Amino acid sequence: MASLVVSLLAVPAAHAQDEAPTDPGPPPVEAGVAPGAGVPDPRPGEAFADREVATLQQTANQVQRELGELSDKIATARERLRTAREKLSEAREERRAAEAALAELRDEIDELSRSAYMAQGRPDQLNVLLSASGPKEMLEGSSFVSVLREGQDRKLARALDRLRDAEAAESEAARLEDEAAARESELVRRSDDATNRADAVSSELRDPIASANDAVAAQQERQRERNRKTKKNWQRYLNRLDKAGITPPRASALRDPGSLPPGLRPLRGDDGDPLRGVAQASTPTSGGDRLLVLPKQTIDAVSDAIDALGKPYVPREHGTGPTSYSCDGLVNAVYSDAGLDLPGRAARQYATGRRVPVEDIQPGDLVFIGPAKYGVQHVGIALDDETMLAADGRLASVAVTDLPGEPTLLAITRPSLGDRKPRRVPRRDDGELTWRCGGVELPLRTSSETSGGPSHPGATGAWGGYPNGLIPPSAMCGIGIGSHVLRCDAAQSFAAMSRAHAADTGRGLCVTDSYRSFPAQVDLYRRKPSLAAVPGTSNHGWGVAIDMCGGVESFGTSAHQWMRANAPAFGWIHPNWARQGGGREEPWHWEYVGG
């Protein structure tokens, strides 16, 4: 193989982390996730692009867990304080009501007594006996007076009991309120502790973040150099074909080694048998060396893939180019554009592709990666027998990487040979994390998990080989407003949404905050620990959240109503917790969940 195509292997793959763009003034106090929803990133160290970044993630996890627990305790203490004050207020109102009822009853008794007195004397049995005209009237009057007095006494007793109960309840509520006041002081202390802890976190992470930035910057430069060498080597191969006067044939012309176009000879495999889908040539201009001849569609596909080197990776189904790619999205895009239609997902590409032995791998072959316990989680395009090109989730870009070894390598297929009847596809084992395109993707939350409202997809979820807030700007895309950047699929969708808004209103959308770096999250938490998200949990740190202006930041405005009516069509939502009456009420905060 080395004599046919000069090795494209350069140096280990890499990336870089620069400071995130900033805007004048503080961002709105906002968590990016529903209160209490943030959790540490559970991805294993091998999911990250750099060892120092993985170590930093472990530190961030510890910080997030500690601050998250403290935030929960503060929220609980505040709720108890609020409940105690409500109960005290209710007890005071009941005591006042009991006093008013007793006073009203006394007024009634006094009035009744005045009307029943004769000669300023309260009626009693003696008055009745003296004034009765006969035995019958005397008996009836005596009974009436007794009933009247008994009724008055019962009413008075009940009113007094109510008052005593109310006074006791008020006393108990006052005691609880005293305790709540003491807890409030403790709450203030805890809040101060949280602020101090955030300052300490910022200080503790400053050096690790700087070291990680330096390491990632160096790694990305190495990756760029590797990409440059790959492009140069591929162009050298194309120049050799051109100099030799070889016009690459269509794929169908190379499928039968026994009937190749004139001037081409079969290329022998590791077992000595002729290979299908490729050929070789020997011309005077090649100096007698064998020259690999690939199908035109394969050359076009690999050329397009090489042109995509360095472009950002995006997760899930959104990476079909041309600005950013997922691994299977890249394979589908370049081969479909070249005239060899392939399925959109890696598993289906694996199922329908025609296999070739690993020993006979050629440029343009598809490399499917496991291991089997993860399913078909990654696919790349072979460059030679040592390297491949792929949109890599761990490196967060289209990059040149090494071919995997056993048992990670699942199969090699050759697109130029066409499709076959689908074969069985390895499935991810129960309990395994979801690996995709070389990185771990965490499940998306739904809004109902964090807000209790109607369910819709949530934007939270790790992607790429970097922690929340430490994603290199090179892995994201601008949105056309200042220096704001987002994950590339979110950026593309936002740009389309802004164009639609401009068509309807005459002006584009307004944004005050987009991607938020980890240091920026720490600073916001330091200043507003009771309101801001625990650092490393904000959706701003995943590049899928924006804070908006231009009227969107206020409920009821025409701009906000436009977003509510139109944003979902572009994959943007206003989370339930941030809506009016949703418990947090942040009209400016919107998240990308895909369309």
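Modeller: Let us begin with one residue of this predicted model: Asp328 has a relative accessible area of 1% and is therefore buried, since buried means under 20%.

Colleague: With which residue does Asp328 form a salt bridge?

Modeller: A salt bridge requires a side-chain nitrogen of Lys or Arg within 4 Å of a carboxyl oxygen of Asp or Glu. Here the partner of Asp328 is Arg345, with the closest N and O atoms 3.3 Å apart. Asp328 belongs to helix 5 (residues 327-338), whereas Arg345 lies in the loop between helix 5 and helix 6 (346-352), so the pair ties together parts 17 residues apart in sequence. Arg345 is partly exposed, at 37% relative accessible area.

Colleague: How many residues apart are Lys296 and Asp300 in helix 4?

Modeller: They are four residues apart in helix 4 (residues 296-307), which means a separation of about one helical turn. The side chains of Lys296 and Asp300 meet in a salt bridge of 2.7 Å, N to O. Lys296 is partly exposed, with 34% relative accessibility, and Asp300 is also partly exposed, at 27%.

Colleague: Are Asp547 and Arg516 buried or exposed?

Modeller: Both Asp547 and Arg516 are buried. Their side chains form a salt bridge at 3.3 Å, N to O. This pair links distant parts of the chain, 31 residues apart: Asp547 is in strand 13 (residues 545-548), and Arg516 is in the loop between strand 12 (511-513) and helix 9 (518-527).

Colleague: How many salt bridges does a search of the whole structure find?

Modeller: The search finds 23 salt bridges.

Technical notes. Residues are numbered from 1 along each chain as its sequence is written. This is a predicted model: local features need pLDDT of at least 70, side-chain atom pairs count only at pLDDT 80 or more; totals for chains, interfaces and linings use all residues. Side-chain values use heavy atoms; hydrogens and water are left out. Helices (H or I, at least four residues) and strands (E, at least two) are DSSP runs, numbered from the N terminus. Buried means under 20% relative accessible area, exposed over 50%, partly exposed in between (1.4 Å probe, protein chains only).
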